[in-house]
Amino acid sequence: MGLLTYLFTLPTAPVRAVVWAAQRVLDEAEEEYYDPAPVWRELADLERRLLSGEIDQDAFDRREDELLDRLDEIAEFRARP
């Protein structure tokens, strides 16, 4: 029975290979997109820029809110099963 199933599904092998490769690319892209390390680095850089006077408090607050929202999004993604 296994040999017959293999022979009948052989024509779909290229499709399965493309789907498998696409899933691997998607997994890697999600892993990179939902990595919190760059967000933490940007937060640290943002604070450095505020302390050095490169940006004002309003600009800092706006960007900090965006980055903290991004960290919330990352945490939600990583918490799902």
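**Close-up views of a predicted model**

View 1. Aspartate 58 sits in helix α4, which covers residues 57–79. The model shown here and in the other views is predicted. With a relative accessible area of 48%, aspartate 58 is partly exposed; that value falls below the exposed class, because exposed requires over 50%. Aspartate 58 belongs to a patch of negative charge on the surface.

**View 2. Tyrosine 34 in the loop between α2 and α3.** Helix α2 spans residues 13–33 and helix α3 spans residues 37–52, with tyrosine 34 in the loop between them. The relative accessibility of tyrosine 34 is 15%, so the residue counts as buried, the limit being under 20%. Apart from neighbours within four places in sequence, the contacts of tyrosine 34 are Arg70, Glu73, Ile74, Phe77 and Arg78. Threonine 12 is 22 residues from tyrosine 34 in sequence, and the C-alpha to C-alpha separation of the two is 33 Å.

**View 3. The salt bridge between glutamate 31 and arginine 78.** The structure as a whole has 8 salt bridges. In one of them, the side chain of glutamate 31 meets that of arginine 78, at 3.4 Å from N to O. This pair joins distant parts of the chain, as glutamate 31 is in helix α2 and arginine 78 is in helix α4, 47 residues apart. Both side chains belong to partly exposed residues: glutamate 31 has a relative accessibility of 44%, and arginine 78 has a relative accessible area of 43%. Arginine 78 is also listed among the contacts of tyrosine 34.

**View 4. The salt bridge between glutamate 42 and arginine 63.** Here the side chains of glutamate 42 and arginine 63 form a salt bridge with an N to O distance of 2.5 Å. The bridge connects helix α3, which holds glutamate 42, with helix α4, which holds arginine 63; the two residues are 21 residues apart and lie in distant parts of the chain. Glutamate 42 is partly exposed at a relative accessible area of 33%. Arginine 63, at 28% relative accessibility, is likewise counted as partly exposed, because its value is not under the 20% limit for buried residues.

**View 5. Aspartate 45 and arginine 48 within helix α3.** A salt bridge of 2.8 Å, N to O, joins the side chains of aspartate 45 and arginine 48. Both residues are in helix α3, separated by 3 residues, or about one turn of the helix. Aspartate 45 is partly exposed at 33% relative accessibility, and arginine 48 is partly exposed at 42%. The pair is part of a network of salt bridges that also includes Arg49 and Glu54.

**View 6. Leucine 4 and the nonpolar surface patch.** Leucine 4 lies in helix α1, residues 2–9. Its relative accessibility of 47% places leucine 4 in the partly exposed class. Together with Leu3, Tyr6, Leu7, Phe8 and Leu10, leucine 4 makes a nonpolar surface patch of about 680 Å².

Terms used
Residues are numbered from 1 along each chain as its sequence is written. This is a predicted model: local features need pLDDT of at least 70, side-chain atom pairs count only at pLDDT 80 or more; totals for chains, interfaces and linings use all residues. Side-chain values use heavy atoms; hydrogens and water are left out. Patches are made of residues with over 30% relative accessible area and no salt bridge: like charges are joined within 9 Å, nonpolar side chains (Val, Leu, Ile, Met, Phe, Trp, Tyr) within 5 Å. Accessible areas come from the Shrake-Rupley method with a 1.4 Å probe; for residues, only the protein chains shown count as cover. A salt bridge is a side-chain nitrogen of Lys or Arg within 4 Å of a carboxyl oxygen of Asp or Glu. Lys and Arg count as positive and Asp and Glu as negative; His and the chain ends are not counted. The place of a charge is taken as NZ of Lys, CZ of Arg, CG of Asp or CD of Glu. Helices (H or I, at least four residues) and strands (E, at least two) are DSSP runs, numbered from the N terminus. Buried means under 20% relative accessible area, exposed over 50%, partly exposed in between (1.4 Å probe, protein chains only). Contact means heavy atoms within 4.5 Å.
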